[in-house]
Amino acid sequence: IAGKSEVTADAVLGLRAAIYRDGHVSREDAEALFAIDGAVPRKCPEWGAFFVGAVTDHVVHQEKPSGHISEANAGWLTAAITRDGQVATSLELELLVAALEKAKSSPARLSAFALRQVEDAVVRGEGPLAADGHVMPGMIDRAEVELIRRILHAFGGEGNIAITTAEATDFIYVGDRV
């Protein structure tokens with residue numbers, strides 16, 4: 001698939017069957033999905049949900065401790081989605097937020113990193129949100145507020161009731177800079 005110009009719906013079905021054949025998304029599977037995502041220019045609408053779901057399964061449910069994002073897995077995920085200190089694409093930002101939402105716990109630095117992606121877009125016009133034309137520097141709209149809400153509530157776990165001091169500080173900082 002990596003040598004093709006498009007990921008089709010049929011290719012997604014084939015990948016899903018191959019990756020989940022043993023019920024386990026391995027690190028190699030996840031890395032192969034990143035390679036396909038980076039190498040193939042056009043992707044069908046089904047690709048995004050499959051990519052996010054499979055890599056989230058790997059990071060949150062397949063790696064130890066199951067249901068949680070460990071420091072090691074947070075480091076791997078951050079390295080996989082980051083280019084020059086920023087998340088490379090909107091799909092990878094969605095992956096980061098989805099993994100935070102699915103995990104019962106994760107390192108505070110991971111949600112702080114996600115919040116910085118919103119800050120980079122809103123304050124400096126940088127990153128995947130700005131590159132996709134979703135954000136105008138100096139302006140925050142409903143979509144960015146919703147993304148911030150998702151990030152802040154994700155770290156609270158299943159009840160989504162706890163916001164850490166680091167998250168609150170990052171949130172206030174973004175608000176003060178806008």
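Predicted model: local features only at pLDDT ≥ 70, side-chain atom pairs only at ≥ 80, totals over all residues.
I began with E71, which forms a salt bridge (a side-chain nitrogen of Lys or Arg within 4 Å of a carboxyl oxygen of Asp or Glu) with R109, the closest N and O atoms being 2.9 Å apart. E71 sits in helix 4 and R109 in helix 6 (residues 108-124), so this pair ties together parts 38 residues apart in sequence. I took helices (H or I, at least four residues) and strands (E, at least two) as DSSP runs, numbered from the N terminus.

Residues are numbered from 1 along each chain as its sequence is written, and side-chain values use heavy atoms, without hydrogens and water.

Next I looked up R150. It forms a salt bridge with E94, closest N and O atoms 2.9 Å apart, and another with E101, at 2.8 Å. R150 lies in helix 8, E101 in helix 5, 49 residues apart. Shared partners join E94, E101 and R150 into one network.

Is R150 buried or exposed? R150 is buried, with a relative accessible area of 16%; I used under 20% for buried, over 50% for exposed and partly exposed in between (1.4 Å probe, protein chains only). E94 is partly exposed at 30%, and E101 is partly exposed at 34%.

Last, I turned to helix 2 (residues 27-39). Its buried residues are D29, A30, L33, F34, I36 and D37. The face turned away from that buried side carries the exposed E28 and G38.
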